[in-house]
Amino acid sequence: MTPLPLITVDLAIVGAGPTGLFATYYAGFRGLRTAVVDALPEAGGQITAMYPEKQIYDVAGFPAIKGRDLVANLLRQAAPFEPVYLLGHQARTLEHVDGEPVIGLSGDVTVAARALLITGGLGSFSPRPLPAAAGFRGAGIVYFVPELAAHAGQDVVIVGGGDSAFDWALALHGVARSTVIVHRREKFRAHHATIERVRGLGVPIIVNAQVTAIHGVAGVEGVAIDVKDEGPRELPADAIVAALGFTADLGPLGEWGLDLDHRTVTVDSTMAASLPRTYAAGDIAAYPGKVKLIATGFGEAATAVNNAAVAIDPAAHLFPGHSSENQ
């Protein structure tokens, strides 16, 4: 990769998920030049990487919207302000020069900013493995579903009991030939309403069950499970969605000297972190009573940007007025 020159902006945003993208728009609205950094090669964060086909139901104004469509809308919203996107670059180092943040990225890129906003979600993440898949070398085991059409006409076994497992069951119903959920306990972590929707569709849910073996050589051809008090069963399967959750790692950000609370950045009511002119918003930001929703992240992004604008220019107003007043 050819090294890029020093990039100088008003606000550097580390994390190109929904919160970071909305912050990009709002910073532009405030007249700030921005650079958006993300280690992933595409904008959208976890939504683009793992859940592009999922319907999202808790974004205000959208009864339901696919992840990929939400990301596209956020990019379109920010586009008039011409932000610089530094995708595929990991934010590795942070230092402060005369009280202002300088971020060193992979690829010998340096971003000098008047303020920094961290919107990195959960940091880098990796899926929890399916134990029965440890020795399986064929195709057909996935941990998320970038394209629903890839499973058209297939028998799909979904392993897990959280929101992702039930969301994938909803999304794949009517696309796959069959879907079945296998969970090791009777209780689920998914929202009750989602569970009832899946049950209402007639999707089989097998509880107190473990996947013990995966059949097939080049690809998945079947699944063996063991059900408590019933014994072994065989399920037809062309694909397995292992929705067992993810482990998160802050990566280099954890070495920046920020006050942290269980892989999150501690902030105050202005979304300011413990380092000068450094803010956090979205899932990575922590404070008492925090609720991790996309909608929450949008509000935090606006709060952080408004306070950063005043830190950059003390003569600026904290609240610039409503966007509808400036059209």
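In this predicted model, Asp10 has a relative accessibility of 10% and therefore counts as buried, the cut-off being under 20%. This residue belongs to strand S1, which covers residues 7-14. Leaving aside residues up to four places away in sequence, Asp10 touches Gly31, Leu32 and Arg33, then Ala113, Arg114 and Ala115, and also Ile312.

Among contacts between residues at least 6 apart in sequence, 58% join residues at least 24 apart. Further values for the whole chain are gathered below.

| Property of the protein chain | Value |
|---|---|
| Span of the C-alpha trace along its principal axes | about 70 × 40 × 35 Å |
| Residues that count as buried | 48% of 327 residues |
| Accessible surface | about 15500 Å² |
| Part of the accessible surface belonging to carbon and sulfur atoms | 54% |

The second largest pocket has a volume of about 270 Å³. It is lined by 17 residues, of which Val159, Gly160, Arg184, Gln210 and Leu244 are the closest to its centre. Strand S14, made up of residues 209-215, gives the most to the lining of this pocket, contributing three residues. By residue class, the lining of the second largest pocket divides into nine nonpolar, five polar and three charged residues.

Note on methods. Residues are numbered from 1 along each chain as its sequence is written. This is a predicted model: local features need pLDDT of at least 70, side-chain atom pairs count only at pLDDT 80 or more; totals for chains, interfaces and linings use all residues. Side-chain values use heavy atoms; hydrogens and water are left out. On a 1 Å grid over the protein atoms alone, a cavity is a set of points where a 1.4 Å probe fits but cannot get out, and a pocket is an open set with protein on both sides within 12 Å along at least five of seven lines; lining residues have an atom within 4 Å of a point. Grid points are joined across faces, edges and corners, and a volume is the space filled by probe spheres set on the points. Helices (H or I, at least four residues) and strands (E, at least two) are DSSP runs, numbered from the N terminus. Ala, Val, Leu, Ile, Met, Phe, Trp, Tyr, Cys and Pro count as nonpolar, Asp, Glu, Lys and Arg as charged, and the others, Gly among them, as polar. Buried means under 20% relative accessible area, exposed over 50%, partly exposed in between (1.4 Å probe, protein chains only). Contact means heavy atoms within 4.5 Å. Accessible areas come from the Shrake-Rupley method with a 1.4 Å probe; for residues, only the protein chains shown count as cover.
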